[in-house]
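Biologist: Please put the model up, and I will ask about its helices and a few of its residues.

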Amino acid sequence: MRVLAIREYEAHLENKGVSEKQKKETIAKLKKIATARRWKFIADINVGSILEYLGQLRRDGRSVQTYNHYLKAAKSFTRWLYKDQRTPFDPLVHVSRLNVRTDR
């Protein structure tokens with residue numbers, strides 16, 4: 001099992017030229033999810049885990065847009081894990097964002 005690689009992902013975002021604000025927000029969201037869902041290894045990341053976290057956001061009264069921002073952070077991380085060959089597949093590839101128009 002490979003250890004969760006959030007620090008390396010942060011360095012990747014920096015090297016990619018992502019703005020400091022976007023990098024900080026993305027990493028903060030990832031750390032919140034990882035802590036809440038007790039992700040320690042890449043294998044801990046799965047659809048059920050992320051959907052439970054996102055569902056709790058909605059139950060806590062957070063907006064669809066907030067849900068989508070957290071999902072985007074998680075999906076960009078898992079896509080990077082896959083592209084960097086740290087995992088043989090992207091566990092969140094089929095998880096879709098919610099329609100923000102339904103949250104008005």
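Biologist: Which residues of α1 and α2 meet?
Modeller: This is a predicted model, in which local features need pLDDT of at least 70, side-chain atom pairs count only at pLDDT 80 or more, and totals for chains, interfaces and linings use all residues. Residues are numbered from 1 along each chain as its sequence is written, and side-chain values use heavy atoms, with hydrogens and water left out. Contact means heavy atoms within 4.5 Å. By that criterion, I6, Y9, E10, L13 and E14 in α1 meet K23, T26, I27, L30, K31 and A34 in α2.

Biologist: How many residues of the contact of α1 with α2 are charged?
Modeller: Ala, Val, Leu, Ile, Met, Phe, Trp, Tyr, Cys and Pro count as nonpolar, Asp, Glu, Lys and Arg as charged, and the others, Gly among them, as polar. In the contact of α1 with α2, 6 residues are nonpolar and 1 is polar. The number of charged residues is 4.

Biologist: Are α1 and α2 roughly parallel or roughly antiparallel?
Modeller: Axes are lines fitted to C-alpha atoms, for helices over the stretch in contact, and angles run from 0 to 180 degrees between N-to-C directions. The axes of α1 (residues 6-16) and α2 (residues 20-36) come within 10 Å and cross at roughly 165 degrees. Angles under 35 degrees count as roughly parallel, over 145 as roughly antiparallel, 65 to 115 as roughly perpendicular and the rest as oblique. The two helices, α1 and α2, are therefore roughly antiparallel.

Biologist: At what angle do α3 and α4 pack?
Modeller: Two packed helices are described by the angle between their axes and the distance between the axes. For α3 (residues 47-59) and α4, the axes are 9 Å apart and the angle is about 155 degrees. That makes α3 and α4 roughly antiparallel, the packing angle being about 155 degrees.

Biologist: How many residues of the contact of α3 with α4 are nonpolar?
Modeller: From α3 the contact takes I50, L51, Y53, L54, G55, L57 and R58, and from α4 it takes V64, Y67, Y70, L71 and A74. Among the residues of this contact, 1 is polar and 1 is charged. The nonpolar residues number 10.

Biologist: Is N68 buried or exposed?
Modeller: N68 is found in helix α4, and its contacts, leaving aside neighbours within four places in sequence, are R97, L98 and V100. Buried means under 20% relative accessible area, exposed over 50%, and partly exposed in between (1.4 Å probe, protein chains only). Because its relative accessibility is 9%, N68 counts as buried.

Biologist: What separates the C-alpha atoms of L98 and Q65?
Modeller: L98 lies in the segment after α4 (64-83), and at 33% relative accessibility L98 counts as partly exposed. Outside four places in sequence, L98 is in contact with R58, V64, Y67 and N68. L98 and Q65 are 33 residues apart along the chain, and their C-alpha atoms are separated by 8.0 Å.

Biologist: What is phi of R38?
Modeller: Most residues other than glycine have a negative phi. R38, in the loop between α2 and α3, is exposed with a relative accessible area of 67%. Its phi is a positive value in a residue other than glycine, near 55 degrees.

Biologist: What pattern does the chain follow along the sequence?
Modeller: Helices (H or I, at least four residues) and strands (E, at least two) are DSSP runs, numbered from the N terminus. The chain has 4 helices and 0 strands. Read along the sequence, its pattern is α-α-α-α.
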